[in-house]
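Me: Please pick one part of this model and go through it closely. Then place that part within the rest of the chain.

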Amino acid sequence: MPRQATHQIGITTLEDISALILQSHDLDETLRNIVTLVAKRMRSDVCSIYLLDADNETLRLQASKGLSRKAVGKVTLRIGEGLTGMAAQKRHAIAIEEPQEHPSYRYFKETGEERFHSFLGIPLFDRDNPLGVIVLQTKTPRQFSKEEISALSTIAFQITSIVVNARLLDSIRQHEEESQRVSQALAQAQQTLTDTEKTTETSPQHVLTGHVAYPGVAIGPAAILEERLGFSDILHEEEVDIDAELKNLESALEKTCIQTIFLEKRVAERLSESDAAIFHTHLMILEDRSFIRKLQTEISNGHCAAYALEKIVADYIEVFRKMEDPYLRERATDMEDIGRRILANLVGDTSGHTLHLKHPGILVARQILPSDMATLDNEQILAIITEAGEKNAHAVIMAKSMGIPSIVAVNGALKHIAPEDNLIVDANTGRIYINPLDSVKDEYQRLQLDQTRELCRLEEYRDQPAMTSDGERIILRANIGLISDINVAMRFGAEGVGLYRTEFPYMARGDFPGRNDQYELYSRVVREFNGQPVTIRTLDIGGDKALPYFSLPKEDNPFMGWRSVRVSLDNRDIFRTQIEAILMAGCHGPVKLLFPMISSLDEIRACLDVVEEARKNLQKEGVNYSDKVPVGVMIEVPAAVRLVPKLANEVDFFALGTNDLVQYLLAADRNNPLVSKYYDPLHPAVLQVLYEVTDAAISKGKGVSLCGEMATDPATLLLLIGMGLREFSMPAPFIPRIKAFLKGVSMEMACRHYTEIHRMDSSTQIRGYLDKVLSEIEMGD
Ligand code: PEP
Ligand code: MG
């Protein structure tokens, strides 16, 4: 066959195999269809596929076009036996004319094999492990060309992925059957128990636990936010039209299949067939009867298609993740990808939509991204529960600044909580009650009342200045992001804004705001704070903060990557426009300009150049702006710590960003629960660095504040005051508690305790010491 024609056969056969997967429903049927197709395309009298049994030694005829049907499943050879076994053993293609003359030839009478005059066998390999052999045989003598061997090798590769994936699905099925057996046995045992020990209150109750991110108690229905699969809407399931949802599912699956074939073709053309092979997994899953049946069952049980999809895909992912083989574990990502694509077809692309909870509820999510928080209707969120996420994840920080009780790192939240389940979130102890008993609910309603009373008590502090018992003035400002934070900050008595995270409003939009929009926004904040300072930080995207309309590159290590001021300096127009808007807002009150993530003098000088450029631009345009906007840098990269004395020659103030500084100093991702024990603000090295910065800034006569979350912990705050810090910025709901706490401490105590811990060399020791101090303060020391 001519070279081009053979290549074409390779490509079109690959496409057709993809289509075949769509028509067949199990591995045997798929293989049967494949051998028929390949025999035809390769003009061969016989095409057979042999697969290796679980013993890893026996090759069994699994499908054949041309040999007797009765032989399928029966004929076996050992690796190394016959020409087929030889291909598997030698791990390369065997192409010979007049095969029966070869010393390794073996005849199987069950196959009804006639005399064949040519043989081509290509081994199938899954990574390095033999999986089987695909064989062509012709009645007329034929010399297989290099191109034909190469075309069949590509097909063999594709078959490998089909077999691997089919077996994978099979193992999932087995796993499920096993789990079903176990749960049936458990249910039976449970029933026996209930029958024998009937209690007075029998309603089911489930309790989950997690880490408290912001304290409080909330009671209400669950609203599930599933972002993991790209769900960007709360799923409302009040009026599920089952027929419509089933149709919706069918059409989404169809569309996804077509898109997958297209994807495969494109990747095969642009990259390689091996890169494209992954889409076979996807097609097989999309066509898998039991996958579809499970989705349909969920819908028939009254759920919408998106919910059904999320649930079933999550179940599959869990099974994949538990697999021992790391390669198979990775398949969880495929499942996630498929889920995301089906979902996109189910609900359309909803990016940029504003999300609404229909009624007040408790938001439950695997993870909440800052962009979710930026677009969610926070008035309706009574509490937040996340499976992942650490206390210092940005979305949690936003929740805290809104005063929303939050529990993070709750294992199995999405599995155990269904939409509209009745929940009690006890974000004091970190417990979540699902469909609680009435007695528990009554108790929590009483607690909620107490909580409201406590908040009223703390209200007293709103208009009082923050001061230690011996009259040292401490400044407590608010960290804000969204406009809604202004009211919260006012309500809790913040003295202006120590950190305005401008990326949050950027996240709530569909595109970059222009200068005027930004000016309107910033000046509104400045005016509302009525003469109190507002520190506006320039855009700090990257890390865990993304903008829907500004695609950041995929990085292995985004917190160490193209982040924050680095992005700004590389997008000078966007950067300058923002600075212009900040300088313009300076006409409405005391504004400070803050640059995040500075790590060198060159970098701050480059920022100052942009400020200069912005000024000139405004002058040229004749636009009003303030010439008296102090400029500061955040100290959140370890390199900047040592540069404080030099940076002091360039800027007016410093803001300690301990959320990042701690993660960079201790090499512990602020969002990763696996390393949360390493993320330790009381680590002696952290405290030493904080002291160093404070001391250097003060001795240079520059202002220094701390705007990381660690200031919200009273014991830590005591040390920070002891080391010389007087200004803090924090989520506003913490301010009254801190004011109340300060009433009970003196400067003498703060300095004494700081001197004590300064001598200690482990955070366990420091923490133990502080716990003791704190309990003494509470007892009125
Ligand atoms: C910090 O890093 O401490 C900080 C305040 O900034 P962000 O949390 O926004 O990164
Ligand atoms: Mg930071």
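The reply below starts with the ligand site and then turns to other parts of the protein.

Reply: This is a predicted model, in which local features need pLDDT of at least 70 and side-chain atom pairs count only at pLDDT 80 or more, while totals for chains, interfaces and linings use all residues. Residues are numbered from 1 along each chain as its sequence is written, chains are lettered from A and ligands numbered from 1 in the order in which they are written, and side-chain values use heavy atoms, with hydrogens and water left out.

The metal comes first. Glu-636 (OE) and Asp-660 (OD) coordinate the magnesium ion, ligand 2, at 2.0 to 2.1 Å. Donors here are N, O and S atoms within 2.8 Å of the metal (3.2 Å for Na, K and Ca), and the site may look incomplete because water is not among the atoms. Glu-636 sits in the loop between β19 (631-635) and α21 (638-647), and Asp-660 in helix α22 (residues 658-666), so the pair ties together parts that are 24 residues apart in sequence. Helices (H or I, at least four residues) and strands (E, at least two) are DSSP runs numbered from the N terminus. Glu-636 and Asp-660 are both buried, a term for under 20% relative accessible area, with exposed over 50% and partly exposed in between (1.4 Å probe, protein chains only).

Glu-636 also faces ligand 1: an N or O atom of its side chain is 2.9 Å from an oxygen atom of that ligand.

The shell around ligand 1 has 17 residues, of which Arg-501, Arg-537, Gly-657, Asn-659 and Arg-670 come nearest. A residue is near a molecule or strand if one of its heavy atoms lies within 4 Å of it. By class, the shell holds eight charged, five polar and four nonpolar residues. Asp, Glu, Lys and Arg count as charged, Ala, Val, Leu, Ile, Met, Phe, Trp, Tyr, Cys and Pro as nonpolar, and the others, Gly among them, as polar. At least two shell residues each come from α12 (394-401), β16 (497-501) and α22, and α22 gives the largest share, three residues.

Now the rest of the protein. Helix α24 (residues 714-722) has eight of its nine residues buried, so it is largely enclosed by the rest of the structure. Among the buried ones are Leu-717, Leu-718, Leu-719 and Leu-720. Just after α24, Gly-724 has a positive phi of about 120°.

Helix α3 (residues 82-90) is likewise largely enclosed, because seven of its nine residues are buried. They run from Gly-82 to Ala-88. The cover over them includes β1 (46-52), β2 (58-65) and β6, contact meaning heavy atoms within 4.5 Å. Arg-91 follows α3 with a positive phi near 60°.

Overall, the protein has 27 helices and 22 strands, and 53% of its 781 residues are buried.

Key:
A polar contact is a pair of N or O atoms within 3.5 Å; within protein, one must be able to donate a hydrogen and the other to accept it, and residues adjacent in sequence count only if both atoms are side-chain atoms.
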